[in-house]
Amino acid sequence: MKLRFSRKHLCIPYAAFLALFVIAPIIIMLYYAFTDRNGAFTVMNFGRIFSDVSTISAILTSVSVAIITTVICLLLGYPVAYILARSGLKRAPTLLILFITPMWINFVLRLNALKEFFSLINLLDKSPYLNTVIGMVYDFLPFMILPLYTTLIKMDNSLVEASQDLGANKVTTFINVILPLSMPGIISGITMVFMPTMTNYVISDILGRSQITILGKLIENHFMQNNWNMGAAISMFLLSAMFVFTWLTGGFKSDSEGVARGSGLW
Amino acid sequence: MKKTVCLLLAALLAGACFSTLAACKKDATEYGELTLRICNWEDYISEDEETGKTLVEEFEEWYENENNVDIKVEYSTFGTNEILYNNLKINPGIYDLVCPSDYMIQKMMSENMLEKFGNLEESVPNYEEYGSPYMKNLFETNGWEEYAVPYMWGTMGYVYNPEFVEYDEAATWKAAINEKFKNKTTLKDSVRDTYFLGVGLAKTDVLGRMSGDYYAENGTLSSADYQTFLRDAFNDTTEETVEKVEKMLKQAKANAFSLEVDEGKNDMATGKVWLNFAWSGDAVFAMDEAEENSDTVLCYAVPLEGSNIWYDGWVMPKGANKKLAEAFVNFVSSPENACKNMDFIGYTSAIGGEEVFNRIKNSDYACEIDDEDAEEIDLTYFFGEINGAPAIVYCNDPNRQLTAQYPSEEITARCTVMEYFDDETNDRINSMWNRVKAGNVWLYVIIISAIAVVAAAAVVIIILAKKGVFAKKVKKGFTKIN
């Protein structure tokens with residue numbers, strides 16, 4: 001065997017990183033998820049996920065918050081991205097920066113500022129659920145706008161013109177041409193908003209005053225209560241749910257559709 | 001082949017990382033004799049405002065000068081008793097000295113995780129000389145004195161804003177579910193403390209009757225009997241009680257503004273909430289802060305139906321460096337350092353003696369004997385006699401810092417300690433608490449159903465639009481395209 005350094009070897013540090021900090025933790029979590037307090041094998045932890053009121057409630061809370069947030073982000077984000085990308089504004093990139101700037105400030109700081117603002121306008125002591133959704137939308141809107149923007153700006157304008165030439169009105173053009181073409185952006189926007197909203201409990205803690213328990217918080221509770229097995233089981237459940245979700249939305253495809261995923265962000 | 005090389009190298013790298021870690025650990029043990037690893041609560045030790053030195057650093061210097069050796073103190077902090085317990089379970093022997101709370105000390109003792117202190121007269125002479133007789137008695141009667149030396153202690157109760165809340169309304173567990181304070185109360189996001197509150201709510205009636213009986217002038221209940229009753233009542237974990245507690249806590253949560261551990265103090269000062277379930281030390285801190293920063297007066301009340309008396313104590317996990325640990329406990333137990341700690345963190349030290357008493361007597365919290373509204377507070381039970389005279393302080397502001405820091409004997413008579421739960425009970429109470437926190441499932445079922453209906457409607461609209469139902473009529477001369 002002859003050892004020769006090639007470009008491929010440059011990935012070794014990352015492979016090691018991956019093995020240590022991604023693969024190994026997952027294996028450890030799997031171990032805890034399938035054992036009980038005494039280390040004996042069990043699948044009861046997963047049984048408890050669907051029999052315990054607290055987990056069911058947390059799942060429903062997370063899912064509902066995530067769906068509402070994603071829909072609002074899409075409804076708010078699409079027009080913005082569309083205008084920025086298609087109206088030929090000279091200052092579009094500058095405007096885009098304005099949307100991204102908040103992301104340069106630590107989000108815990110921004111949330112605390114938002115909390116004070118809420119208390120100023122007497123919103124803080126109203127519905128913790130609503131506050132959580134507002135906080136989520138506030139925090140994740142850029143993640144929706146950016147993929148949409150990158151998809152829309154790359155769209156071939158001649159297709160839109162063709163549609164109009166052939167007599168389609170604006171609604172038909174939008175529904176039959178623009179919307180299908182921007183689908184990759186919409187899907188990657190949805191993935192980037194939907195998944196983190198399921199677990200981002202800092203927002204529900206600060207703005208929902210810990211009155212709302214989403215899945216991420218429930219996992220934390222279990223770890224804090226010294227019940228690692230249950231915490232790991234819920235984490236594994238969540239991980240598989242995410243996996244299925246990504247698979248359904250075609251996130252694992254490596255063709256050109258996938259290129260738009262998160263481009264411009266990462 | 002390349003894959004194998006890749007994997008091999010990765011394994012080598014990982015191996016290198018671990019061996020470095022292992023090497024570090026070895027070094028630490030070689031240094032062992034002279035290293036002291038302490039784990040204490042966050043913000044729980046004095047820091048000199050001028051020099052920025054903590055008591056830990058002062059201890060290092062003092063010990064080095066005294067014994068002419070180099071020592072190293074590794075000081076770390078923990079957030080909850082459960083985290084500390086976890087750390088010690090996973091990694092036995094990582095600390096020489098830790099400072100958990102009462103029920104956790106009992107748990108550790110029962111699991112044989114602790115080292116005994118040597119004869120206190122030699123190992124911790126400061127505590128032996130200056131420690132409060134009340135504390136010593138409490139520890140002796142419970143059989144903790146061999147394993148733990150108390151550090152701080154206090155009660156649990158409500159901090160309230162007298163502008164909106166009367167003393168009578170705050171001095172009962174029912175305050176947490178009082179509709180008058182809807183969205184103006186807080187709950188602790190900490191299961192052991194909140195369970196205590198829940199029991200207080202579930203048993204208010206019987207607790208109130210017993211308390212009335214005890215405090216009545218011709219009452220027949222002896223102090224010892226009342227204490228036994230309180231201890232059993234507050235540490236009751238039968239299915240029936242847990243069920244009632246769950247019901248009450250759900251009600252309390254619906255009434256509460258937030259579940260918090262730390263923000264409560266601030267929210268009180270800014271007026272976001274009027275009633276904050278708190279530990280007495282935090283109460284003192286909150287009252288000080290509110291007074292200084294927002295000119296708000298806050299008070300503190302211990303529920304009349306009985307409450308919790310807690311303490312945090314120094315204990316040495318098995319395999320600890322006993323000599324250094326004992327020296328450190330002795331160092332922080334000197335009256336001078338106890339005063340420093342109290343000034344800095346607001347909690348009440350377990351150390352008594354003349355120096356500490358005089359500091360209390362002359363502090364801003366107390367007043368002169370000839371003051372108009374001066375009320376006498378007898379602290380002889382805690383300090384013992386000072387120079388042959390009863391330890392009496394005067395205060396014109398009852399229910400504030402002084403009584404929060406040093407509750408009168410009348411208050412401590414209705415306070416009891418928390419006991420630890422075994423694993424099975426712990427699981428039951430944790431799931432109960434998780435259910436309380438989770439809230440109403442049906443509400444979310446309704447929300448989800450509503451979302452499904454809206455989604456279905458949206459799909460229908462999109463399909464109709466695709467079919468051109470909403471499209472305008474095609475102009476003459478053009479063919480409609482689908």
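# Close-up views, one by one

**View 1. Chain A at a glance.** Of the 266 residues in chain A, 37% count as buried. Here a residue is buried if 20 or more other C-beta atoms lie within 10 Å of its own, exposed if 12 or fewer, and partly exposed in between, with the C-beta atoms placed from the backbone. What you're looking at is a predicted model, where local features need pLDDT of at least 70, side-chain atom pairs count only at pLDDT 80 or more, and totals for chains, interfaces and linings use all residues. Residues are numbered from 1 along each chain as its sequence is written, while chains are lettered from A and ligands numbered from 1 in the order in which they are written. Chain A has 13 helices and zero strands; helices are DSSP runs of H or I with at least four residues, strands are runs of E with at least two, and both are numbered from the N terminus. The C-alpha trace of chain A spans about 70 × 70 × 35 Å along its principal axes. Take the contacts in chain A with a separation of 6 or more: 75% of them join residues 24 or more positions apart. Two residues are in contact if their C-beta atoms, placed from the backbone, lie within 7 Å.

**View 2. The largest nonpolar core.** This core holds 130 residues, and B:L97, B:Y160, B:A286 and B:F328 are the ones with the most contacts inside it. By nonpolar core we mean a set of buried Ala, Val, Leu, Ile, Met, Phe, Trp, Tyr and Cys residues joined through C-beta atoms within 7 Å. Strand β5 (residues 148-160) of chain B brings the largest share of this core, nine residues. Domain 1 (25-151 + 315-324) and domain 2 (154-310 + 352-438) of chain B both give residues to the core, so it lies between them. Apart from it lies another core, of 51 residues, including A:I49, A:F140, A:Y201 and A:I206. As a rule, nonpolar side chains in soluble globular proteins tend to be buried together.

**View 3. Around B:L97.** Zoom in on B:L97 and, leaving aside neighbours within four places in sequence, you'll find it in contact with B:L36, B:I38, B:W314, B:M316, B:A320, B:A325 and B:F328.

View 4. Chain B is assigned domain 1 (25-151 + 315-324), domain 2 (154-310 + 352-438) and domain 3 (447-482), with bounds that come from an automatic or database domain assignment. The centres of domain 1 and domain 2 of chain B, taken over C-alpha atoms, are 27 Å apart. Twelve residues of domain 1 of chain B are in contact with 13 residues of domain 2 of chain B. On the domain 1 side, the elements giving two or more residues are α4 (102-110) and α7 (133-142) of chain B. α4(B) gives the most to that side, with five residues. Sorted by class, the domain 1 side has five nonpolar, five polar and two charged residues. For this count, Ala, Val, Leu, Ile, Met, Phe, Trp, Tyr, Cys and Pro are nonpolar, Asp, Glu, Lys and Arg are charged, and the others, Gly among them, are polar.

**View 5. Helix α2 of chain B, face by face.** Helix α2 (residues 55-67) of chain B has 13 residues and reaches 18 Å from its first C-alpha to its last, close to the 18 Å expected at 1.5 Å a residue; the expected span is 1.5 Å times one less than the number of residues. Its buried residues are B:L55, B:F59, B:E60 and B:Y63. Seen down the axis of α2(B), they fall within an arc of 145°, so they line one face of the helix; the arc is that of the directions from the helix axis to the C-beta atoms. Covering these buried residues are, among others, β2 (72-78), α15 (322-332) and α16 (335-345) of chain B. Over on the other side of α2(B), B:E61 and B:N65 are exposed.

View 6. B:D43 isn't a glycine, yet its phi is positive, about 50°. B:D43 sits in the loop between β1 (35-41) and α2 of chain B and is partly exposed, with 13 other C-beta atoms within 10 Å. B:N68, which follows α2(B), also has a positive phi, near 60°. B:N68 belongs to the loop between α2 and β2 of chain B, and with 7 C-beta neighbours inside 10 Å it counts as exposed.

**View 7. B:T403 in its helix.** B:T403 is part of helix α19 (residues 401-405) of chain B. With 23 C-beta neighbours inside 10 Å, B:T403 counts as buried. Not counting residues up to four places away in sequence, B:T403 touches B:P398 and B:S408.
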